[in-house]
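Subject: Structure for you to look at

Hello,

Please find the structure below.

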Amino acid sequence: MKFSYYPGCTLKTKGKDLDRYGRLSAEALGFTLEELPDWQCCGAVYPMAKDEIATKLSAVRALVSARDAGEELVTLCSACHNVIKQTNHDMATDADIALRVNNYLGLETPYNGETTVLHYLEVLRDRVGFDKIKAAVKNPLTGRKIAAYYGCLLLRPGKVMQFDDPENPTILENFIRAIGAEPVIWGMRNECCGGYVAAENKAQAEKRSSIVMEDAKKNGADTVITACPLCLYNLAKNGGSDLPVVYFTELLAEALGVK
Amino acid sequence: MSHSNNATEQVLRSSGVDVRKCMRCGKCTATCPAFDEMEYHPHQFVYMVEKGEIEKLAASPSIYKCLSCFACVDRCPRGVEPAKVVEAVRLAVIRQQGQNHMKSDDIPALLDEDMPQQLLVSAMRKYSK
């Protein structure tokens with residue numbers, strides 16, 4: 001199995017572990033992530049306005065690149081996934097946005113949302129299968145109690161992301177079971193960490209992240225996992241907790257014996 | 001008055017939101033993680049845009065408090081998508097010359113060694129043009 005892969009800016013810098021362990025685990029599980037040539041930063045936040053065109057172009061270029069390679073497009077960072085998937089939905093369903101983007105790009109074959117966008121977790125669930133992952137585990141994380149932090153961007157808006165039930169998701173919990181650990185079920189797993197507001201209002205980010213981390217601790221977690229570098233930063237740095245926060249790919253690589 | 005009408009039309013067009021669908025249940029505000037930071041709350045954005053009170057919203061720091069978490073978008077029983085209204089009002093402000101809320105010169109003072117690029121990119125996208 002081979003996929004086009006969009007790493008995004010942070011996975012080349014502060015979020016290298018998310019990328020590195022994701023690639024190592026992919027090879028161990030028998031699928032290949034082929035990094036797109038010449039990808040550009042997605043912008044990190046989906047531009048919600050109908051009259052924002054330029055800010056959607058880098059996501060469309062990635063989508064076109066995957067289409068031209070004849071491959072599904074895999075993302076790993078929650079934010080990239082959200083931007084690229086929502087932009088893809090616009091290209092498929094909003095004729096005005098699609099027209100203006102295509103007018104600008106002047107592609108040989110216009111793009112109208114044909115590419116399938118998959119988050120790495122969806123590849124694990126829907127292309128590999130959690131049963132196969134369980135069978136491939138060499139070092140099951142027995143006894144570990146892991147709290148899956150979904151945050152916002154993997155799940156919402158639910159009707160566009162189509163990732164899981166946005167209010168009662170199970171994909172990360174099933175992932176945790178597959179690597180031999182026990183998932184903690186907790187209320188704040190899909191509530192915002194504060195996101196980019198940490199740039200100018202640290203106190204607001206600290207308040208949000210602390211609420212999340214306290215809830216994980218209260219429910220008996222020994223580790224929190226995430227797929228988002230900004231969530232990891234906020235929870236670890238602004239969450240005021242001693243609970244470790246790591247990327248889900250790190251635990252996967254550990255369980256598969258490739259860390 | 002005509003200026004206000006134009007501003008309202010621009011926000012409605014840019015957001016793509018039909019504010020008249022709102023049934024005033026307040027669920028958007030109840031679920032908003034930035035609620036207690038805001039002068040005007042998500043339900044008020046919807047209501048005030050319907051009333052054409054754009055200037056008050058545009059002048060309020062509330063437009064920089066939204067986290068774009070899509071909680072109000074997903075949890076609105078009427079599909080109103082309040083976050084898109086907040087975004088459209090913010091854009092109406094920062095698209096004007098000299099109205100950037102965050103400038104690249106501000107960035108060095110904000111940095112710490114763990115800060116991911118994603119944070120700076122997303123903040124600049126939200127606060128500047």
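I start with the nonpolar core. The largest one has 130 residues, and Val85(B) and Val89(B) touch the most other members. A nonpolar core here is a set of buried Ala, Val, Leu, Ile, Met, Phe, Trp, Tyr and Cys residues joined through C-beta atoms within 7 Å. Buried means that 20 or more other C-beta atoms lie within 10 Å of the residue's own; with 12 or fewer the residue is exposed, in between it is partly exposed, and C-beta atoms are placed from the backbone. Helix α6 of chain B, residues 82–94, gives this core its largest share, 7 residues. Helices are DSSP runs of H or I with at least four residues, strands are runs of E with at least two, and both are numbered from the N terminus.

Before going further, two notes on the source. This is a predicted model, in which local features need pLDDT of at least 70 and side-chain atom pairs count only at pLDDT 80 or more, while totals for chains, interfaces and linings use all residues. Residues are numbered from 1 along each chain as its sequence is written, and chains are lettered from A and ligands numbered from 1 in the order in which they are written.

Back to Val85(B). Leaving aside neighbours within four places in sequence, Val85(B) is in contact with Val11(B), Ser15(B), Val17(B), Val19(B), Phe45(B), Val46(B) and Val49(B). Two residues are in contact if their C-beta atoms, placed from the backbone, lie within 7 Å.

Helix α3 of chain B (residues 42–51) packs against α6(B) at an angle of about 65 degrees, and their axes are 9 Å apart. Axes are lines fitted to C-alpha atoms, for helices over the stretch in contact, and angles run from 0 to 180 degrees between N-to-C directions. The two helices, α3(B) and α6(B), are therefore roughly perpendicular; that label covers 65 to 115 degrees, with under 35 roughly parallel, over 145 roughly antiparallel and the rest oblique. On the α3(B) side the contact is made by Pro42(B), Phe45(B), Val46(B) and Val49(B), and on the α6(B) side by Pro82(B), Val85(B), Val86(B) and Val89(B).

Now chain B as a whole. Chain B has 8 helices and 0 strands. Its radius of gyration is 15 Å, close to the 14 Å that the globule rule gives for 129 residues, so chain B is as compact as a globular protein of that length. The radius is taken over C-alpha atoms, and the rule is 2.2 Å times the number of residues to the power 0.38. Of the 129 residues in chain B, 48% are buried.

Chain A has 11 helices and 8 strands. Of its 259 residues, 53% count as buried. The C-alpha trace of chain A spans about 55 × 45 × 30 Å along its principal axes.

Where do the chains meet? In all, 35 residues of chain A are in contact with 32 residues of chain B. On the chain A side, α9 (202–218) and α10 (229–238) each supply at least two residues, and α10(A) gives the most, with 4 residues.

Thr75(A) counts as buried because it has 29 C-beta neighbours inside 10 Å. Not counting residues up to four places away in sequence, Thr75(A) touches Tyr6(A), Cys80(A), His81(A), Ile84(A), Val117(A) and His119(A).

Regards
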